[in-house]
Amino acid sequence: MEPRQISRGDTNNAFKNSDIILKGELHTGGQDHFYLEGQIAMTIPQEDNNFLVYSSTQHPSETQQIIAKVLKQDFNSIHVVVRRIGGGFGGKETQSFLFAAITSIAAKKTNKPVKLRVDRDDDMIMTGKRHDFYFNYKVGFSKKGEINALKVMMASRCGISADLSGAINDRAIYHIDNAYYIPNMEIESFRCKTNTVSNTAFRGFGGPQGMFCIENIIENISQKLNKDPAEIRKINFYKENTKNETHYGMKITDNVINDIFENLKIKSNYKKRKKEIEKFNSKNRILKKGIAITPVKFGISFTTTHLNQGGALVHIYTDGSLHLNHGGIEMGQGLMTKLALVASNEFGLNYKSIKISSTDTEKVPNTSASAASATTDINGGAIINAINKIKTNLNEFIYDYYKTNSIIKYENDYVYFDKRKISFKDLVNEAYLNRVALSSSGFFKTSKINVNKKTLKGRPFLYFAYGAAVSEVIIDTLTGENKLLQVDIMHDVGKSINKRIDKGQIEGGFIQGLGWLTTEEVSWKSDGKLQTHSPSTYKIPTAGETPFKFNVEIYERGINKENVVNKSKAVGEPPFMLAISSFIAIKNAVFNANDKKESDKLIAPATPENVLNSFN
């Protein structure tokens with residue numbers, strides 16, 4: 001793949017006019033998906049050379065297409081069904097196709113059902129990871145800490161084939177700013193072909209790597225100026241009406257980051273704890289503490305524009321129960337619960353009246369992957385579109401049959417109009433007897449998305465999700481061991497569809513991000529063979545890595561200004577990047593251990609070995 005560039009302003013003059021210039025290098029590690037259910041697929045031959053495929057995949061439609069191409073058949077001869085998968089995190093967006101293709105080839109050759117479930121070691125050896133990145137940067141800023149110019153070269157390990165590396169690296173470019181307005185920028189992105197497995201999608205899809213870069217730069221600026229990093233961050237935030245346009249040309253109209261940031265500082269007692277940490281460090285020679293508060297601004301939508309679409313199918317039966325089908329995949333994120341709630345709210349029905357069947361390429365075709373945090377937005381929008389068509393049919397029936405023109409409301413299992421109320425079940429029965437259509441397909445496409453693929457300029461996202469996290473850590477300067485003591489999070493989910501699900505996603509996303517930045521080290525031999533390919537050699541976070549105090553709060557004033565389901569905001573990927581605060585806190589502890597001189601040597605993940613190597 002060719003390198004990509006994006007720029008804004010005049011960086012050369014901006015560097016000349018900067019009071020201070022810093023240069024440096026940064027490294028982020030890879031990460032294995034380590035889903036609970038490994039890669040698995042089963043293909044069953046059907047009549048007329050058709051095939052039924054059960055696959056643990058995030059993308060049934062493309063699974064269908066890949067199998068058809070491998071077997072040299074039409075797409076309509078392949079039927080893919082997915083009830084649920086035991087975790088994905090991006091690792092089953094494209095990599096699952098290989099296993100489904102193998103079972104399909106074998107099933108066609110033998111004319112017998114074929115099932116393939118790979119061993120965990122083989123799974124880890126064969127499948128791609130999160131892209132590890134190398135950054136080389138130059139930043140110019142004022143004595144107050146306001147960034148004037150930034151130049152970044154980023155290079156990522158893509159592996160032996162392209163997979164989704166193009167879009168992932170594009171998103172890293174889009175998120176290099178995180179929550180900060182940078183007037184003059186030059187970004188160059190290299191997508192490196194290597195003799196390792198093809199790296200692929202992983203929760204955040206390049207966004208975490210881009211944010212990791214700028215947050216480390218901000219921290220280095222604060223260390224250079226000997227100022228509170230929180231103040232340096234605040235100085236550089238995007239503003240409400242000025243300094244509100246990104247380097248790719250999108251205006252930010254939903255900015256709540258300053259409000260979240262300031263609220264969290266107060267609720268977490270950030271300033272008081274920072275002083276207490278200074279006292280602790282002055283009295284302890286071996287153990288050192290650190291603290292950091294970092295923001296998140298994450299764009300929601302597929303950066304590959306055509307993927308921002310989805311379909312749904314809605315049936316109402318004569319007993320008043322609903323059957324839904326859509327293109328989204330339940331992988332533990334609570335998607336089916338949320339979409340059932342969307343449908344029940346639209347019809348004013350009890351949640352128990354809603355049934356969602358397996359995702360099925362014969363019911364809803366040409367769907368996009370369950371990825372990019374957009375699954376609820378897209379499939380929920382398609383469900384509402386289908387329901388609105390049915391409600392139009394029912395409303396017209398009510399106007400005609402009951403001779404009314406009043407407002408019609410669907411609430412608490414009843415339909416209200418004039419001063420009358422009819423049970424939803426009775427209305428549906430009457431409509432059926434009068435030959436009213438009670439079934440409809442639905443379609444949704446994300447509006448306002450428009451990007452120039454060559455320049456990367458435009459509007460790649462419908463909206464942004466915001467959040468902030470405070471992390472406090474302690475490190476042992478003799479062993480490099482580190483422990484997360486307390487985490488305080490405030491995160492914007494818009495108007496939540498289900499707060500329990502959203503809070504679970506915030507907590508889980510943070511812990512997975514913590515693993516990426518502290519324990520999950522992917523190691524390769526020089527010949528491209530993976531050394532960390534089992535639970536014995538690769539360490540994901542456990543209960544032991546969970547902070548002693550873990551305070552998670554949903555931003556109370558959150559609401560989505562865009563036309564999305566329930567005015568909610570995506571919550572799948574954005575919380576992952578809250579964990580950057582944990583690495584920056586370790587970086588702060590290393591800085592304190594180094595007599596407040598430097599922390600540049602610390603690389604991610606911050607394993608004990610890497611922490612030890614960061615000391616002077």
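Modeller: What follows covers a helix pair and a sheet.
This is a predicted model, where local features need pLDDT of at least 70, side-chain atom pairs count only at pLDDT 80 or more, and totals for chains, interfaces and linings use all residues. Residues are numbered from 1 along each chain, and side-chain values use heavy atoms, without hydrogens and water.

Biologist: Why are helix 2 and helix 3 called oblique to each other?

Modeller: Helix 2 (residues 60-71) and helix 3 (residues 96-110) pack at about 45 degrees, with axes 9 Å apart. Angles under 35 degrees count as roughly parallel, over 145 as roughly antiparallel, 65 to 115 as roughly perpendicular, and the rest as oblique. The pair is therefore oblique.

Biologist: Which residues of helix 2 and helix 3 meet?

Modeller: Contact means heavy atoms within 4.5 Å. Among them, Ile-66 and Val-70 in helix 2 and Phe-97 and Ile-105 in helix 3 take part. By class, the contact has eight nonpolar, two polar and two charged residues. Ala, Val, Leu, Ile, Met, Phe, Trp, Tyr, Cys and Pro count as nonpolar, Asp, Glu, Lys and Arg as charged, the others as polar.

Biologist: What makes strand 5 and strand 14 a pair?

Modeller: Pairing needs at least two DSSP bridges between the strands. Strand 5 (residues 78-82) and strand 14 have two bridges, in the antiparallel sense. Val-82 has Thr-359 in strand 14 as its bridge partner.

Biologist: Why do strand 6 and strand 14 stand at the edges?

Modeller: The open sheet runs 6-3-4-5-14, with mixed pairing. Strand 6 (114-117) and strand 14 (359-360) each have a single partner strand, so one side of each lacks a neighbour in the sheet.

Conventions:
Axes are lines fitted to C-alpha atoms, for helices over the stretch in contact, and angles run from 0 to 180 degrees between N-to-C directions. Helices (H or I, at least four residues) and strands (E, at least two) are DSSP runs, numbered from the N terminus.
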